[in-house]
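Q: Can you walk me through this model? I'd like the helix packing, then the sheets, then a pocket.

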Amino acid sequence: MLNAQKLILQADFCAPQRGPMIQVEDLSKEYDAPSGKGAPIVAANQLNFQVASGEIFGLVGPNGAGKTTTLKMICGLVVPTSGSVSVNGVDVERQPEEAQRHLGYLADFFSLYDDLKVWEYLDYFARAYKMDSFAIPKRVEELIHRLGLQTKREAMIGGLSRGMKQRVGLGRAIIHDPPLLVLDEPAAGLDPKARVELKDLLRELQRDGKTIFVTSHILSDLEEICSSIAIIEKGRLLRIGRLEDVMREGKAARRVRIRLAAPGFAASEWLGARAGVSSVATANAEAIFSFTGDDMELAELVRGFIGAGAPVCGVEEIIETLEELYSRVSSDEVM
């Protein structure tokens with residue numbers, strides 16, 4: 001009976017709780033000035049945000065903006081000056097050991113034990129997390145296959161490529177099957193093929209129910225995989241929310257492109273006379289313009305355009321890229 005209860009507890013300790021996976025409230029971190037004189041350096045300034053369970057959340061900002069400090073406070077590796085962080089309902093500062101059960105962390109500059117084999121390394125950290133000794137061999141083999149390390153199982157870590165070492169590092173972070181994975185610049189130093197494989201792996205982990213909190217300077221990668229983002233600069237949040245909402249925030253009008261099957265229609269004159277349309281530009285049998293209306297109003301506009309005789313063969317909204325958004329809202333200020 002006691003053994004059965006023990007197994008139930010072990011299987012249950014990372015069970016998801018109600019509410020957000022990450023809850024950050026009034027979080028601040030200050031460091032003394034290097035000389036010991038002058039105002040303290042503010043690495044995080046009254047941060048407030050939530051990360052919903054099951055999403056991939058990206059944190060974007062220049063070097064020195066406070067990204068790594070924020071990640072380390074979430075993981076309990078840096079004590080905040082004020083404020084609080086909870087992970088899966090557990091207060092990180094008040095219950096540090098319990099919080100570690102709910103998260104896995106991979107630093108931007110992580111080190112591995114070069115003189116261990118891949119399976120030995122994963123086995124070592126499974127025991128460090130006090131996993132059930134009977135479950136460890138199965139979990140190690142499961143991760144070796146999951147991470148595509150079958151051919152490297154018996155290889156010494158010191159001889160692995162950067163991409164393979166990254167996979168081993170991810171294995172260490174999720175060996176205890178936490179619901180939250182925190183990654184600081186996981187794509188740094190990876191070649192294009194390894195970056196694609198990393199994105200595929202993160203999507204797969206999300207499909208399995210993991211929440212992923214990630215930073216990266218490769219904004220196009222974050223745009224592909226993230227459901228929500230935050231932009232941080234000088235310790236303050238400039239933008240935060242669902243990716244599509246953040247991309248449109250602060251823009252009074254959307255940009256629309258209409259392609260025509262053949263030139264000749266007076267698109268500029270017709271569109272320029274319509275309500276909500278401005279900044280019309282035509283070239284190469286297409287028209288690009290700004291439009292302040294909603295989706296239904298855009299549909300009505302296109303319908304009228306076709307009715308007027310325009311040979312429309314395509315309509316699309318021109319979406320700003322994450323890199324363009326970042327350039328628009330950030331001044332690249334650091335602490």
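**Packing, sheets and a pocket**

A: The buried residues of α4 pack against α5 (136-146) and α6. Contact here means heavy atoms within 4.5 Å. Helices (H or I, at least four residues) and strands (E, at least two) are DSSP runs, numbered from the N terminus.

Q: Before going on, what kind of model is this, and what are the cut-offs?
A: It is a predicted model, in which local features need pLDDT of at least 70 and side-chain atom pairs count only at pLDDT 80 or more, while totals for chains, interfaces and linings use all residues. Residues are numbered from 1 along each chain as its sequence is written, and side-chain values use heavy atoms, with hydrogens and water left out.

Q: OK. Which residues of α4 are buried?
A: Val118, Tyr121, Leu122, Asp123, Phe125 and Ala126. Buried means under 20% relative accessible area, exposed over 50%, and partly exposed in between, with a 1.4 Å probe and protein chains only.

Q: What is the phi of Lys130, after α4?
A: The phi of Lys130 is positive, near 60°.

Q: Sheets next. What is the strand order in the six-stranded one?
A: The order is β6-β7-β8-β3-β9-β10, in an open sheet with mixed pairing. Two strands pair if DSSP finds at least two bridges between them. β6 (103-106) and β10 (236-242) are the edge strands, each pairing on one side only. Neighbouring strands of this sheet are turned by 15° against each other on average, direction ignored. For such angles, axes are lines fitted to C-alpha atoms, for helices over the stretch in contact, and angles run from 0 to 180 degrees between N-to-C directions.

Q: How many residues of β3 are buried?
A: Five of the five residues in β3 (56-60) are buried. Both faces are covered, with Ile56, Gly58 and Val60 on one side and Phe57 and Leu59 on the other.

Q: Why two sets of residues in a strand?
A: In a regular strand the side chains alternate between the two faces of the sheet.

Q: How many bridges join β3 to β8, and how many join β3 to β9?
A: Four bridges join β3 to β8 (211-215), and the two strands run parallel. Four bridges also join β3 to β9 (228-233), again in parallel. As for individual pairs, Leu59 stands opposite Thr215 in β8, and Gly58 has Ile229 in β9 as its bridge partner.

Q: And β6 with β7, parallel or antiparallel?
A: Parallel, with four bridges between β6 and β7 (180-184). Gly104 is bridged to Leu181 in β7.

Q: Which helix packs on the sheet and touches β3, β7 and β8?
A: That is α7 (192-207), whose direction makes about 150° with that of β8. Another helix, α6 (162-174), lies across β6 and β7 and runs at about 155° to β6.

Q: How does the lining split by class?
A: Twelve nonpolar, three polar and one charged. Ala, Val, Leu, Ile, Met, Phe, Trp, Tyr, Cys and Pro count as nonpolar, Asp, Glu, Lys and Arg as charged, and the others, Gly among them, as polar.

Q: Back to backbone angles. What about Asp26?
A: Asp26 has phi near 50°, a positive value in a residue other than glycine. Asp26 lies in β1 (22-31) and counts as partly exposed because its relative accessibility is 38%.
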